[in-house]
Amino acid sequence: MSETLPGKGAPWADTRARMLEMAAGDVKWRDGKAAVYVFNAGEDVEQVQKEAYAMFASENGLGPAAFPSLARMEREVVANGLALLHGPEGAAGAMTSGGTDSILMAVKAARDFARKVRGVQGPLNLVLPRSAHPAFDKACLVMEIEVRRTPLKEFLADPQAMEAAVDDATIMIVGSAPCFPFGLIDPIAALGDLAERRDLWLHVDACVGGYIAPFVRMNGGDVPPFDFEVPGVRSMSADLHKYGYCAKGASTVFFRSEDLKKHMIFEVGDWPAGRMTTPTLAGTRPGGAIAAAWAIMNTLGVNGYREKHGQVTAAREIIEAGVKARGFTVIGSPQLGILAFTRDDVDCMAILGKLYERGWVTSATSQPRGLHLMLSPVHLSVAQQYLDDLDWATQAARGQTGAAANVGYAR
Ligand SMILES: *Cc1c(COP(=O)(O)O)cnc(C)c1O
């Protein structure tokens with residue numbers, strides 16, 4: 001409507017009504033129609049997120065002396081994460097605004113470590129499998145680091161290919177737990193061996209797995225070693241706003257020791273307002289995101305997470321069996337909340353388009369062309385509805401070719 005700031009403000013009730021009107025066209029994620037972008041752990045979780053966020057929406061995590069509450073909450077959230085991910089004595093971390101932020105900070109720490117501790121001069125590079133998240137490309141673009149992507153072996157990182165790409169200027173190697181495209185956990189133990197043998201910095205990107213994998217394991221799931229349990233792992237990223245079911249704007253970045261973490265910190269002394277020290281990229285740090293993460297962790301507890309993640313596992317198992325019975329091939333053996341599946345006789349992008357007509361906003365894989373789901377607890381109640389709509393969409397898509405799908409902007 002108005003493209004400039006209105007001269008006269010409107011009452012909140014009217015403004016709120018306009019916002020609800022705008023949201024009417026959004027995906028019906030509360031009904032379970034989104035399997036990307038949103039994690040829906042139920043109304044109880046959403047209510048805690050909102051109330052805790054609102055309580056601290058104005059507070060600023062930049063000032064721990066002014067807000068010891070937030071400092072304590074962040075400390076406890078980080079400690080909870082480290083305990084779940086086998087952080088050893090002395091391990092350290094921080095909250096960030098999201099996975100991209102956590103990854104940027106880990107790369108920055110690894111870069112400064114390479115320069116200051118190992119004395120590497122000249123151009124630097126980072127070695128990662130094709131399936132690792134583009135956030136690493138973003139970090140490398142910002143810091144002018146060469147990106148070396150290596151081929152996959154059966155959809156997983158190939159330690160041999162990665163070793164062949166490594167040299168003295170390699171600041172980091174990466175494994176995902178799991179990778180976003182297929183939901184598969186890379187062979188972290190083998191990457192850890194490589195890291196130890198060649199004295200490399202191994203980062204495990206557990207952005208989408210860090211807060212589900214430990215609980216799936218507690219529930220009896222078959223999850224291979226993927227965290228600080230593997231001695232070669234020096235840093236990890238794990239997003240609270242994904243399977244931690246926290247409000248958006250919350251992630252964690254972890255380091256095996258304070259000695260590694262110190263390379264993440266920014267300190268600027270020569271400034272008229274005095275010395276400024278920030279642990280992460282952000283200056284102002286949203287109190288709401290910190291408070292909501294703390295509140296969700298403390299209201300769910302281990303049992304709550306196990307229950308919610310049990311629903312994700314159950315939904316994945318129903319959908320996995322269902323798509324196989326319908327002639328799709330599931331890529332690899334997904335153990336967590338993401339799965340991708342493909343078929344040759346009908347174009348999966350065309351099926352994706354048809355599903356969208358029925359209100360489903362899900363994503364896709366491009367190599368191979370496949371369908372992609374990132375499941376939430378809510379999907380247990382709509383798994384059968386999805387499979388029914390998938391039957392219809394597959395029939396409707398026969399003989400058609402769909403446009404390639406993108407994650408993010410530029411649809
Ligand atoms: C989501 C994700 C990221 C990036 O996290 P954002 O919070 O979206 O910035 C990085 N790695 C993996 C594997 C992810 O799934």
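**Salt bridges and a ligand shell**

Visitor: Why is the pair Glu320 and Arg316 called a salt bridge?

Guide: The closest N and O atoms of Glu320 and Arg316 are 3.1 Å apart. A salt bridge needs a side-chain nitrogen of Lys or Arg within 4 Å of a carboxyl oxygen of Asp or Glu, so the pair at 3.1 Å qualifies. Bear in mind that this is a predicted model, where local features need pLDDT of at least 70, side-chain atom pairs count only at pLDDT 80 or more, and totals for chains, interfaces and linings use all residues. Residues are numbered from 1 along each chain as its sequence is written, and side-chain values use heavy atoms, with hydrogens and water left out.

Visitor: Where do Glu320 and Arg316 lie?

Guide: Both sit in helix H10 (residues 287-325), four residues apart, about one turn of the helix. Helices here are DSSP runs of H or I with at least four residues, numbered from the N terminus.

Visitor: What makes Glu46 and Lys50 a salt bridge?

Guide: Their side chains come to 2.9 Å, N to O, which is within the 4 Å cut-off. They are four residues apart in helix H2 (residues 43-55), so about one helical turn separates them. Arg30 joins Glu46 and Lys50 in a network of salt bridges.

Visitor: Why is Glu46 called buried?

Guide: Buried means under 20% relative accessible area, exposed over 50%, and partly exposed in between (1.4 Å probe, protein chains only). Glu46 has 14% relative accessibility, so Glu46 counts as buried.

Visitor: How many salt bridges turn up in the whole structure?

Guide: The search finds 26.

Visitor: Which distance does Asp239 show?

Guide: A ligand oxygen is 3.2 Å from an N or O atom in the Asp239 side chain, again within 3.5 Å.

Key:
Helix = DSSP H or I, 4+ residues; strand = E, 2+ residues; numbered from the N terminus. Polar contact = N/O pair within 3.5 Å; in protein donor to acceptor, adjacent residues only side chain to side chain.
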